[in-house]
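Thanks for asking me to look this one over. Have the sequence and the model open side by side as you read.

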Amino acid sequence: MKSVNQDTITDAFVAYCEKTTSPRLKLVLSKLAAHLHAFTKEVALTHEEWRTAMTLLDRAGQISSPERSEFILFSDVLGLTSLVDMINSGDGRTEYSNLGPFYIAGAQWLEVGGDLIGGNGGDPVVFYGQVFDAAGRTPVPGAVLELWQTASNGLYSNQDPKQPAGNLRCRMKTGANGEYAFSTVRPAPYTVPEDGPVGDLLRATGRRPWRPAHFHFLISAAGLRPLTTEIFPDDDPYIDEDPVFGVREQLVVRLVKETDSSVIPFPLAAANRLKRPFYRIHYDFLI
Ligand code: BEZ
Ligand code: FE
């Protein structure tokens, strides 16, 4: 009979996985078990604590749906999602940040300089820049930039029946010099879902559920790795306590107040009806 004890359980697990054909899966599973076992021993986890954790996971399963993954939210608030983004960023590319649950594929196409303000209230913003290939620092024409953001009430179009379908979302093909530009409104901070076990965890640890306002981008171009990231206005009250750890220095921008739209180096569809003052954000993406 093979007896397993505290000192041999990790090696026993690794031996059980001996027949794993993928070397990567073998490595990831054996390290996961090693760290999990070491953690359990270090904190001397009690039965009650183990039961609490399993109940949280059960509740995460029960509250999850095709539109809501409480498991991803756990990953987000534990810093796991952002850590994966951080370790996979680099090579001079713009840093990755959260995709979040509110992305919808297939948003309306907008020309460079197009307008998303439409009937939205809130501070007008003109957001523009170029997309560059990080390897050669050359502009990327024809890259597809997808944007989604909240309205000034802190809700995405797919959370708010009062917003028109596809509100404050677009796809845009960059121009000959990799340029993009659009007018929009300033997004607002919002809370991550807090009616499930993740909310209980945040409350138990005295954390606030507010994400600082941000613009989401997904940028793709032939032959280059797609970039998922977020851009954060620097004056947001929650900028230093994002519950999902998405904020990076490189992704924080200052909104510059302007009254003259001719400072924008691209023609704007909304130039004549843009409320003054408006905010200007200039940001170049490296993918
Ligand atoms: C978001 O930015 O849309 C988001 C990210 C993580 C959790 C909830 C929302
Ligand atoms: Fe978001």
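Here are my notes, point by point.

1. A word on the ground rules: this is a predicted model, where local features need pLDDT of at least 70 and side-chain atom pairs count only at pLDDT 80 or more, while totals for chains, interfaces and linings use all residues. Residues are numbered from 1 along each chain as its sequence is written, and side-chain values use heavy atoms, with hydrogens and water left out.

2. Start with the iron ion (ligand 2): its protein donors are Y156 (OH), Y190 (OH), H214 (NE2) and H216 (NE2), at 1.9 to 2.1 Å. Donors here are N, O and S atoms within 2.8 Å of the metal (3.2 Å for Na, K and Ca). Along the chain, their spacing reads Y-x33-Y-x23-H-x1-H.

3. Y156 sits in the loop between strand 4 (144–149) and strand 5 (169–173), and H216 in strand 9 (residues 215–220), so this pair ties together parts that are 60 residues apart in sequence. Strands are DSSP runs (E, at least two residues), numbered from the N terminus.

4. Are these two residues buried or exposed? Y156 counts as buried because its relative accessibility is 0%, and H216 counts as buried at 1%. Buried means under 20% relative accessible area (1.4 Å probe, protein chains only).

5. Now for ligand 1. One of its oxygen atoms is 2.6 Å from an N or O atom in the side chain of Y190, and a polar side-chain atom of R211 lies 2.6 Å from an oxygen atom of the ligand. Taken alone, ligand 1 exposes 260 Å², of which the protein buries 99% (Shrake-Rupley method, 1.4 Å probe).

Technical notes: Chains are lettered from A and ligands numbered from 1 in the order in which they are written. Helices (H or I, at least four residues) and strands (E, at least two) are DSSP runs, numbered from the N terminus. Buried means under 20% relative accessible area, exposed over 50%, partly exposed in between (1.4 Å probe, protein chains only). A polar contact is a pair of N or O atoms within 3.5 Å; within protein, one must be able to donate a hydrogen and the other to accept it, and residues adjacent in sequence count only if both atoms are side-chain atoms.
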